[in-house]
Amino acid sequence: MIITIGREYGCNGHRIGELVAEKLGVKLYDKNSLAEEARKTDYYEDLQAFYEETPVNSLLYVIATRSYNGGKQGEIPFAFIRKIAEKEPCVIIGRCGNYVLRNHPDAVNVFIHQPMKDRIARIMEVHGVSESKAEHMIEREDKAREGFHTYYTDEKWNIADGYDLTINSSSMSEDTVADIIIAFAQKKGGK
C-alpha cells in the first residue's frame, strides 16, 4: 500500500502523514528523506532542483520553462519516486505524489485541507506570529506549492479530481484523520 498526501500549508498534513506511516508500520518519505535517498544515487544532480524546491510563483515562468524543457522536467524525479514506491509500502508527503502514482494500483492519493481561519489560528500558535503574518505565510507557501505542482505536472494543485480522498482535518484530531485515511486505503485496496 502506498499513500500519497498532498496538503495545504497549516493543516498539519505532514504530522497526519507521520501518524499514518507509524500506524501502518511503513516508511515515510517527504522532501528531506527523498532527497537523502536521491543523494545515494549517481544522478542526484538531475534530482536536486526537485528537492530544493525553488519557488515557482509566476504562471509566466511555469509556461516559459515548461516550453524550454519540453515539458519533461519531472521525468527523472518521477521515475525515482515510482522506483521508491515499487520497493516498499510507504507514505509519500508532497512531491507531486498523487500525480506520479496516479496509475499505480496500490496507491491511494489523499489531499488534506482546512478552512483558512483554522490554518491561520494554527500558524499563529505554532510560530507565534500575528494573524496577518500567519495569513501571509499561508498564502506564500500555498502559492509555492501550487507553482511547484503546476511546473512539474501541468495540472492544478488541490483540485479534488487529482485525489482519491480529500479530507478537512479541522474538526477532528490528527489521530482520527490518520485512522480515516488508513480505513479508506484498506477499503480501496480490499485489505
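The charged end of Arg 102 sits over the ring of Tyr 99, at 3.9 Å from the ring centre. This contact, like every feature described here, comes from a predicted model. Tyr 99 also belongs to an aromatic cluster, whose other members are Phe 78, Phe 148, Tyr 151 and Tyr 152.

Across the whole structure, the search returned six aromatic pairs. One of them joins Phe 78 and Tyr 152, with 6.4 Å between the ring centres and 55 degrees between the planes, a tilted arrangement. This pair connects distant parts of the chain: Phe 78 belongs to helix 5 (residues 75-87) and Tyr 152 to helix 8 (residues 131-153), with the two residues 74 positions apart. Both Phe 78 and Tyr 152 are buried. A further pair is formed by Phe 111 and Tyr 163, whose ring centres are 5.0 Å apart; the pair counts as tilted because the planes meet at 50 degrees, between the limits of 30 degrees for stacked and 60 for edge-to-face rings. Here too distant parts of the chain are linked, since Phe 111 is in strand 4 (residues 107-113) and Tyr 163 is in the loop between helix 8 and strand 5 (165-168), 52 residues apart. Phe 111 has a relative accessible area of 3% and is therefore buried. Tyr 163, at 9% relative accessibility, is buried as well, the cut-off being under 20%.

The second largest pocket holds about 170 Å³ of space. Its lining consists of 13 residues, and those closest to the pocket centre are Tyr 9, Gly 10, His 14, Arg 122 and Arg 145. Two helices, helix 1 (13-24) and helix 7 (116-127), each supply at least two residues of this lining. The greatest contribution comes from helix 7, with four residues. Sorted by class, the lining of the second largest pocket comprises four nonpolar, five polar and four charged residues.

Most residues other than glycine have a negative phi. Arg 95, although not a glycine, has a positive phi of about 55 degrees. Arg 95 is located in the loop between strand 3 (90-93) and helix 6 (97-100). With a relative accessibility of 6%, Arg 95 counts as buried. Asp 154 likewise is not a glycine and has a positive phi, of about 60 degrees. The position of Asp 154 is in the loop between helix 8 and strand 5, the loop that also holds Tyr 163. Asp 154 has a relative accessible area of 54% and is therefore exposed, the threshold for that class being over 50%.

Cysteines were considered last. A disulfide is a covalent bond between the sulfur atoms of two cysteines. With the requirement that two cysteine sulfur atoms lie within 2.5 Å, the count of disulfides is zero. Cys 11 is buried, with a relative accessibility of 1%. Cys 96 is also buried, at 5% relative accessibility.

Key. Residues numbered from 1 in each chain as written. Predicted model: local features only at pLDDT ≥ 70, side-chain atom pairs only at ≥ 80, totals over all residues. Heavy atoms only, no water. Buried < 20%, exposed > 50% of the residue type's maximum accessible area, 1.4 Å probe, protein only. 1 Å grid on protein atoms, 1.4 Å probe; cavity = no way out; pocket = protein on both sides within 12 Å on 5 of 7 lines; lining within 4 Å. Points joined across faces, edges and corners; volume = space filled by probe spheres on them. Nonpolar A, V, L, I, M, F, W, Y, C, P; charged D, E, K, R; others polar. Phe/Tyr/Trp six-rings, centres within 6.5 Å; stacked < 30°, edge-to-face > 60°. Lys NZ or Arg CZ within 6 Å of the ring centre and 35° of its normal.
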